[in-house]
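Here are some friendly notes to read alongside the model. Take them in order, with the structure open beside you.

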Amino acid sequence: MKVVECKDLTKVYGRSNALNNLSFSIEENKITGLIGRNGAGKTTLLKIMAGFLHHSSGEIKVFEETPFNNLKVSANSIFIDNEMSFPPALSLKELLITAGSFYPYWDQKLADRLFDYFSFNPNIRHGNLSKGMKSTFNMIVGLAARCPLTIFDEPTSGMDSGVRKDFYRAVLKDYLAHPRSIILSSHLVEEVEDLLEDILLIKEGEKCLHMPVEDLKEYAVGISGKTAIVDEVLSGKDIIFEQSIGTDSTYVVIKKDGSQKELEKAEESGLELTAVSIDNLCLYLTSKTTGGIDHVFS
Amino acid sequence: MYLAEVNAWDIVKKQYQYKLQSYMGVFTSLIVIQIIAILFSFNGTGMSGGGSSTFSYSLNYYSGSMILIFTMIWGLITAIIITSKAYRYDDYSFITNRGTTHTSNLLFLLSASIFAGITVLLCTHFIQVLYIYSVNSESVMFEQLTIIQNLKGISGTILYIFFFTSIGYFIGSLIQISRLFIFVLPVLFFGAVIADGLGKEQSMIPHVIKFFGNESSFGLFILKILAASALMYGFAIIISKKLEVRP
Amino acid sequence: MILNSNSITPIYMQIAEWLETEIINETITSDEKIYSQYQLAEMFNINPATAAKGINILADENVLYKKRGLGMFVATDAREIILKKRKSTKLHDMVHELVKEAIQLQVSKEELVNMIQQMHVKIKGEEQ
């Protein structure tokens, strides 16, 4: 069963499109990373999934229902970000108990353990927490709710690196014990790539690609060497990134198109082939020009 | 994957509990406002006097109407506050949709109105007791009310307050649609009052007050108030249908 | 073992290689049950689908076999298969690199063979 299904999803803000004809589907019990630059439309997409926002046109189904104003979707999904608001009258401990009264699969024991592990003061108010502590508390709510669709929007913002690591480990461990669909947005791919099964990369509201992380690692290849030789190999290739090194050398990233022989030939002619990290690949794929920041200064 | 089936009424009950707990400030403000109203009432709402060469008298009227007016305004403002973003978004941190949010808000405001109605009555009695101790008791006279009259009085009070919460809820929802209403509504209101005063005979405001206040049949009064409140809540629900959360 | 996310070798290949090493070292012997994808995911902090991919590579090479409902087990001749494979691929590749480098550095064939022999003696000697 598909957990999320979008068809030509578009969201218009004023005159610009935050999302533009986005089509994809997410299968159940996968951890999917939603990756994109700032302003690519990640948060808008996730808020539409959670039923917070309307979409302008196209179609979105979550659990085969339109999420906006849908109680079933609300009960089976949770949207976690660092702007979650809680009533100032309730203490952190009371908030956890309230959350438990709402969510049918809530695990109070897990919530309490994480709460103690991160040494929260049970009597403090949510509004008095620091940014990082807020994110940590919200993450506890998100994990303990055990919703069939758990959405984390930039969950680690403000967390220190120790808590980040703990967070990702906690997500993985709880996911192994209780598989469910998790969508995690981030602009730091490196941090999350091991945790993910699939990556959904978006750029300016449009889908860039959607594939298993492991396939993405073999999606492209980096070639470096003398510019003249590189240019020869490049004819008819899909260039993702290009950078000149020194006066007569070039580094290019091209999409692998299965012709292994050609690559071997390139290697024999003195070019160096390297793998491209997912982090860099995502950056290259979502940058506006193939030349990067260097183009500004040239 | 097992999807939880949820019952809307179940969620409403949970939200209602959640709101009773988290909107405690609403009740604190009520108490503060009623204490202030008591202080105002202490001066009396009316005075007349007279005398001759041998004696003089003064007559002071005291009533709880000041407390009721203050409480109605409290109801109006409370309802406006509840429709504000901060309160609305709190719901969306847990399970909800617009239907359950409105229903639990309505239940909460009804409960708050009942509580406020009862405290209005208590405050009125409190003023009477204060006078007995502060003034020579022989000179204090009470309107004697039967139990039925008392019950009618209290339910009437509650309904008035509830009606005002419904107006507040409508106003609050309008403001959520567009911030412009923060300016438009007061202008409309005071404009109407002033325009009304300019004419030869005042028409609108007294008519409205008469329509609700001078109804001699209690049953009809209930019907009028409830219908008007339902209209207000209905409008509020309709206009907030498309409101987005944390856009 | 800590996985190297920045390595050219994909994570699932690293998992497969780690399992192979465990088998070569006889930490896990024939007909013994191998770690499940969930155990591997937990051990290496990776997505279970990635771990499963690593296991599947070994299953495709007949290093592992599946028992219905019980999981993956080490084949009887697993060690031989791995050793043979490593000789023909990994060692072959390394020699390829070595010879390429030697040619670039203008090291003669005799010189290279000499170096290999010396190194062989040295490492063997250290081991004993």
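How far apart do the C-alpha centres of domain 1 of chain A and domain 2 of chain A lie? The answer comes in the second point, after a word on the model itself.

1. **Ground rules.** This is a predicted model, in which local features need pLDDT of at least 70 and side-chain atom pairs count only at pLDDT 80 or more, while totals for chains, interfaces and linings use all residues. Residues are numbered from 1 along each chain as its sequence is written, and chains are lettered from A and ligands numbered from 1 in the order in which they are written.

2. **Two domains in chain A.** The C-alpha centres of domain 1 and domain 2 of chain A are 35 Å apart. Domain 1 covers residues 2-215 of chain A and domain 2 covers 217-297; such bounds come from an automatic or database domain assignment. Contact between them involves 13 residues of domain 1 and 8 residues of domain 2, where contact means that the C-beta atoms of two residues, placed from the backbone, lie within 7 Å. On the domain 1 side, α7 (189-192), β8 (198-203) and α8 (213-216) of chain A each give two or more residues. Of these, α8(A) gives the most, with 3 residues. Helices (H or I, at least four residues) and strands (E, at least two) are DSSP runs, numbered from the N terminus.

3. **What that side is made of.** The side of domain 1 of chain A that touches domain 2 has 6 nonpolar, 1 polar and 6 charged residues. Here Ala, Val, Leu, Ile, Met, Phe, Trp, Tyr, Cys and Pro count as nonpolar, Asp, Glu, Lys and Arg as charged, and the others, Gly among them, as polar.

4. Strands β1 (residues 2-13) and β2 (residues 16-27) of chain A pair in the antiparallel sense, over 8 bridges; to count as a pair, two strands need at least two bridges found by DSSP. Leu9(A) faces Leu22(A) of β2(A) across this pairing. There are 2 residues between the strands of the hairpin, and Gly14(A) there has a positive phi near 60 degrees.

5. **An enclosed strand.** Please look closely at β7 (residues 181-186) of chain A. It is largely enclosed by the rest of the structure, because 6 of its 6 residues are buried. A residue is buried if 20 or more other C-beta atoms lie within 10 Å of its own, exposed if 12 or fewer, and partly exposed in between, with C-beta atoms placed from the backbone. In a regular strand the side chains alternate between the two faces of the sheet. Accordingly, Ser181(A), Ile183(A) and Ser185(A) point one way, and Ile182(A), Leu184(A) and Ser186(A) the other way.

6. **Its partners.** β7(A) pairs in the parallel sense with β3 (residues 31-35) of chain A over 5 bridges, and Thr32(A) stands opposite Ile183(A). β6 (residues 149-153) of chain A also runs parallel to β7(A), joined by 5 bridges; there, Thr150(A) stands opposite Ile182(A).

7. **A one-faced helix.** In helix α11 (residues 278-286) of chain A, the buried residues are Ile278(A), Leu281(A), Cys282(A) and Leu285(A). Seen down the axis of α11(A), they fall within an arc of 100 degrees, so they line one face of the helix; the arc is that of the directions from the helix axis to the C-beta atoms.

8. **Chain B.** This chain has 9 helices and 2 strands, in the order α-α-β-β-α-α-α-α-α-α-α from the N terminus. Of its 247 residues, 30% count as buried. An unreviewed UniProt entry places the feature "transmembrane region" at several stretches of chain B, including residues 153-171 and 180-198; UniProt positions are in the numbering used here, feature names are shortened, and annotations may be inferred rather than shown by experiment. Residues 153-171 of chain B are 100% helix, with end C-alpha atoms 27 Å apart. Residues 180-198 of chain B are 95% helix, and their end C-alpha atoms also lie 27 Å apart.

9. **How the chains meet.** Of the 2 pairs of chains in contact, chains A and B share the most contacts. Here 30 residues of chain A are in contact with 29 residues of chain B. α2(A) gives the most to the chain A side, with 5 residues, and that side divides into 17 nonpolar, 9 polar and 4 charged residues. Chains B and C have no contact, and their closest C-alpha atoms are 18 Å apart.
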